[in-house]
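Please keep the sequence and the model in view while reading.

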Amino acid sequence: MRKTVVINVVGLTKRLIGEHTPHIAAFLKKGTATFIKPVFPAVTCSAQATYLTGKYPTEHGIVGNGWYFKDECEVKFWRQSNKLIQREKIWEKMKRVDPDFTCANLFWWYNMYATTDYNVTPRPNYLADGRKIPDVYSHPAELRDTLQKELGTFPLFNFWGPKTSIRSSQWIADATIRTDELHDPTLTLVYLPHLDYNLQRHGLDFSIISKDLRKIDAVVQQLIEHYRKKDANIVLLSEYGIVNVDTPVHLNRVLRKEGLLGIRRERGLELLDAGASKAFAVADHQIAHIYINDVTVKEQVKQLLKNVPGVAAVWDDAELREAGLLHDRCGDLVVLAKENAWFTYYFWLDDAKAPDYARMVDIHKKPGYDPVEMMTDPSDPLVMPKVIGKLIRKKLGFRTVMDIIPLDATLIKGSHGTEPKNKADYPILISDGNLGNTGDTIAPTEVFRILEQQLTETATT
């Protein structure tokens, strides 16, 4: 099989390739490319699972970045077990074809306990005193120790949160190259998240994001140069494109005002009680799964949400089946935002009663995705001294919380999840190999076929 690397540059679109990305632009000019029709929902976990299985969410089961686990009555986001993907992955098929085939997965999601030969993924240490220590999980286990000894500890706080920066993508790229030098896998999957950050913070404002484009372009070039020396096929792709938004929509507040939401009150603060709710929303960027525990309210909920400003559509089984999303994990209804809107998870009506996790980076407790975790309050000139003070207290062993995240969803200027109106905002696939007769746009499931083709190609085209 032909050695192949798949570089996943999150948020990359044709619109973004140009003067600020000279190396990616040169790769595009010399190679072959196609738009990818976004999978629905156009979010990280669903897109990656679709690319790696060649199936839609209705078959592989990854209906979003998180969903309502009905048997546990809990909403869970960003799970890590590869066993959650319910169909065969490309590396499993390739191993059946060629027993010598090997695969390395650097930070693509559902990484843990996969049947890949080498993998690395974020896995913080949560200490008994409340501290969160940056770390990674790897297979084999000693790969983690080798990488962090040579490259330094994985910069977790630059991977997500207000301190996000190029440091995390650079570390992943360096780890990818080192893993390749150590093990020479046939297929390498590498995830570079850097563009995602300021595109969500600022939207398509090139006066701000131009520097981010230049930074990720340099990291991509580093990988391209390494893999060209190894005579590998190089595939550059993305999961979705980000569009400008200006309207956050609070579906759970709408449901709460109709008496449909279950709320627990603890220590004067409020928590969403999903199991006790007649209906509730699991927000995931520009889509939201609506789970209904009381079937008698389904039509009421459907009509209610159709009339919410910022909502483009409310889909039932027929539309979900056609979109490839109908699955037991899916909501009973799925709501789509208008292109300029996105959905928050917010369920409280008074900020003073918001749960403690609302003002923190806490991706596992929040019953929905929260991009505001990348922000601090821009109106607070003392926010950085506060952060420094809290860090000092933590290092001295005092319990403290990093409650620095604002509750202002209007700060977010970019989002994704539905199909953009303009193809310039579609995800893109570029290869230095021959894509064959793909046409202008491919279905997201076709990425699997293209990767299989790249791997079985015997000579450079």
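Thr13 is buried in this predicted model. Its relative accessible area is 3%, and because buried means under 20%, Thr13 falls within that class. Thr13 sits in the loop between strand E1 (4–9) and helix H1 (22–30). Apart from neighbours within four places in sequence, Thr13 is in contact with Tyr240, Gly241, Ala424, Asp425, Tyr426 and Ile428.

The second topic is strand E17, residues 287–292. How many of the residues of E17 are buried? The count is 6 of the 6, so the strand is largely enclosed by the rest of the structure. The side chains point two ways: Ile287, His289 and Tyr291 go one way from E17, while Ala288, Ile290 and Ile292 go the other way. Residues of both sets are buried.

E17 pairs with strands E16 and E19, as the table lists.

| Strand paired with E17 | Residues | Sense | Bridges |
|---|---|---|---|
| E16 | residues 279–284 | antiparallel | 6 bridges |
| E19 | residues 333–337 | antiparallel | 4 bridges |

On the E19 side, His289 stands opposite Val334. Both Tyr291 and His289 belong to the set that points one way from E17.

E16 and E17 also form a hairpin, with 2 residues between the strands. In this hairpin His285 takes a positive phi near 65°.

Note on methods:
Residues are numbered from 1 along each chain as its sequence is written. This is a predicted model: local features need pLDDT of at least 70, side-chain atom pairs count only at pLDDT 80 or more; totals for chains, interfaces and linings use all residues. Side-chain values use heavy atoms; hydrogens and water are left out. Buried means under 20% relative accessible area, exposed over 50%, partly exposed in between (1.4 Å probe, protein chains only). Two strands pair if DSSP finds at least two bridges between them. Contact means heavy atoms within 4.5 Å.
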